[in-house]
Amino acid sequence: MTMASPFGVFVCLLIVLPQIQAASIPYNGTVPLQGCQIPCMTEVNLHLFLHQFVDGPNQPNRNEETLLQTSFPFGFGTTIVHDWTLTETTNSKDTVVARAQGVHVQAGLTKDNRWYMTHNIEFEQGRFAGSTLQVIGITAGLESGQWSIVGGTGQFIMAQGIISFTNHPASTWEDGIKELNIRARYTNPQPA
């Protein structure tokens, strides 16, 4: 029986140790943060009201503009850019807490009022000022529904979640009000 030389043991350790370290990294490829076995997540629940002032003639307060109007059935392909406001009440004149800035496109070739929407909700007030949530979903033609939160910045790093919306009874032709219940999970920003 031969014993391994110290040099042979050293070479073996150089080969085996990285494999042992790699096996200790979680399956998803992330390295646990110090003090956390998995990245620390926080959940937030917010209740806000979205105010959509529609584009059109004699709409001086509108917060959306049609970029492309098509002649396809149901307006398929019509594209509108928006800068909707979010407040804590149904009163559109209250303090704007955030803005939903993005576009919505009439994406239904066989159904009317199927607006695909994508926007960033940028917070202007409170503890989330300067942070954003990236949101996608269908916005019109539904009394209620859900949008997906697919990302975020600032306090909302790696956000994911859902926004449940309902058309509010206080809506008027000028101010389409959606009641939003935002439920987002995000990674806590770690100190450098």
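**Exercise 1.** Is T79 buried or exposed, and which residues does T79 touch?

*Solution.* Start with accessibility: T79 counts as buried because its relative accessibility is 17%, where buried means under 20% relative accessible area, exposed over 50% and partly exposed in between (1.4 Å probe, protein chains only). Before going on, note that this is a predicted model: local features need pLDDT of at least 70, side-chain atom pairs count only at pLDDT 80 or more, and totals for chains, interfaces and linings use all residues. Residues are numbered from 1 along each chain as its sequence is written, and side-chain values use heavy atoms, leaving out hydrogens and water.

Next, list the contacts (heavy atoms within 4.5 Å). Leaving aside residues up to four places away in sequence, T79 touches E65, T66, L67, L68, H104 and V105. Finally, a polar atom of the T79 side chain lies 3.0 Å from the backbone oxygen of G77.

**Exercise 2.** Describe the aromatic pair of F156 and Y186.

*Solution.* First, the rule: rings of Phe, Tyr and Trp (its six-membered ring) pair if their centres lie within 6.5 Å; planes under 30 degrees apart count as stacked, over 60 as edge-to-face and the rest as tilted. This rule gives six aromatic pairs. For F156 and Y186, the centres are 5.1 Å apart with 85 degrees between the planes, hence edge-to-face. The two residues are 30 residues apart, and the pair links distant parts of the chain.

Then check burial: F156 counts as buried because its relative accessibility is 0%, and Y186 counts as buried at 5%. To finish, widen the view: ring pairs link F123, F128, F156 and Y186 into a cluster.

Notes. Polar contact = N/O pair within 3.5 Å; in protein donor to acceptor, adjacent residues only side chain to side chain. Helix = DSSP H or I, 4+ residues; strand = E, 2+ residues; numbered from the N terminus.
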